[in-house]
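Subject: Structure for you to look through

Hello,

Here is the structure I said I would pass on. Please open it first, then read the notes below with the model beside you.

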Amino acid sequence: ICKNKMNKRDLMKYISIGICASLFIVLPIGFNSLFAADSYEIHFGCGGGFTATHHTYRVIQDGTVYYGVQSFTSPDFNEEETIIGRISRKDVKQFYSRLLAIGFKNIDYVNPHNMSCSLGLTDIDTTHSVTWPMGFNESSAPDVIKPVVDIFKDIDRLVSPLRVRYKPEKL
């Protein structure tokens, strides 16, 4: 039988120590690892040329589509991303699965030109992008890039109706 009686103050002290100790365990692992283990987003776009303007789209796992414009020659032209609509979660999951099926994270192809397109995938711990010349001859392209361009075209086709409805003021 324990003869030591704990008062409320001591009890609160031990509870506080327990909470702090828990945070030291959780923080190095990361909350994302605990709560969003399969979180990902797909980003794509084209741009370049004499304006050095790049139009980007970002699709997150829940289907929200963001649009942004960057100008590398005029930093004050950059605009924040804007939500332009949604696509279905099922479509997003299908694109993600297709990227994994072709081994997207292992495709090492970064070949930017004056005008370039890119497709990227960001998940919990990595970001990987593939870049190719805009309007390049697909028949002479390396085989490894062809499925990437096909996925790019498919997701771009799905997002294009949202793009038509969205009229940015600066463009």
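**What the chain contains**

Read from the N terminus, the elements follow one another as α-α-β-β-β-β-α-β-β-α. That gives four helices and six strands in the chain. Please keep in mind that this is a predicted model.

The mean pLDDT of the chain is 77, and 67% of the residues score at least 70. Among the elements, helix α3 has the highest mean pLDDT, 95, while helix α2 (residues 31–35) has the lowest, 39. Over residues 20–37 the pLDDT stays under 50, and the model has ten contacts beyond four places in sequence for this stretch. Where pLDDT is low, the predicted coordinates should not be read in detail.

Some totals for the chain: 36% of its 171 residues count as buried. The chain exposes about 11,200 Å², of which carbon and sulfur atoms supply 57%. If you take the contacts between residues at least 6 apart in sequence, 46% of them join residues at least 24 apart.

**The sheet**

In what order do the six strands lie in the sheet? The order is β4-β3-β2-β1-β5-β6, in an open sheet with antiparallel pairing. Strands β4 (82–86) and β6 (127–133) are at the edges, and each of them pairs on one side only. From one strand to the next, the twist averages 20°. As background, strands of a sheet pair through backbone hydrogen bonds, either parallel or antiparallel.

Nine bridges connect β1 (residues 40–48) with β5 (residues 115–123), in the antiparallel sense. Two of the pairs can be found by number: His 43 has Gly 120 of β5 as its bridge partner, and Phe 44 has Leu 119 of β5.

A hairpin of three residues leads from β5 to β6.

Is β5 mostly covered or mostly exposed? It is mostly covered, with eight of its nine residues buried. Strand β6 lies at the edge of the sheet, yet five of its seven residues are buried, so β6 is largely enclosed by the rest of the structure.

Helix α3 (residues 89–101) packs on the sheet, where it touches β1, β2 (53–60) and β5. The direction of helix α3 makes about 80° with that of β1.

**Salt bridges**

How many salt bridges does the structure hold? There are seven. Side chains of opposite charge can pair when their charged atoms come close.

- Glu 81 and Arg 58 meet through their side chains, at 2.6 Å from N to O. Glu 81 is in the loop between β3 (64–71) and β4, and Arg 58 is in strand β2, so the pair ties together parts that are 23 residues apart in sequence. Arg 58 counts as buried because its relative accessibility is 19%, under the 20% cut-off. Glu 81, at 39%, counts as partly exposed.
- Asp 154 and Arg 98 form a salt bridge in which the closest N and O atoms are 2.9 Å apart. This pair links distant parts of the chain, as Asp 154 is in helix α4 (residues 146–165) and Arg 98 in helix α3, 56 residues apart. Both ends are partly exposed: Asp 154 has a relative accessible area of 24%, and Arg 98 has 27% relative accessibility.
- Lys 146 and Asp 143 meet at 3.4 Å, N to O. Lys 146 is partly exposed at 27%, whereas Asp 143 counts as exposed at 61%.

Salt bridges with shared partners also join Glu 41, Arg 58 and Glu 81 into one network.

Regards

Terms used: Residues numbered from 1 in each chain as written. Heavy atoms only, no water. Pairing = 2+ DSSP bridges. Axes fitted to C-alpha atoms, helices over the stretch in contact; angles between N-to-C directions. Contact = heavy atoms within 4.5 Å. Buried < 20%, exposed > 50% of the residue type's maximum accessible area, 1.4 Å probe, protein only. Areas by Shrake-Rupley, 256 points an atom, 1.4 Å probe, with all protein chains shown as cover. pLDDT = per-residue confidence, 0-100. Salt bridge = Lys/Arg side-chain N within 4 Å of Asp/Glu carboxyl O.
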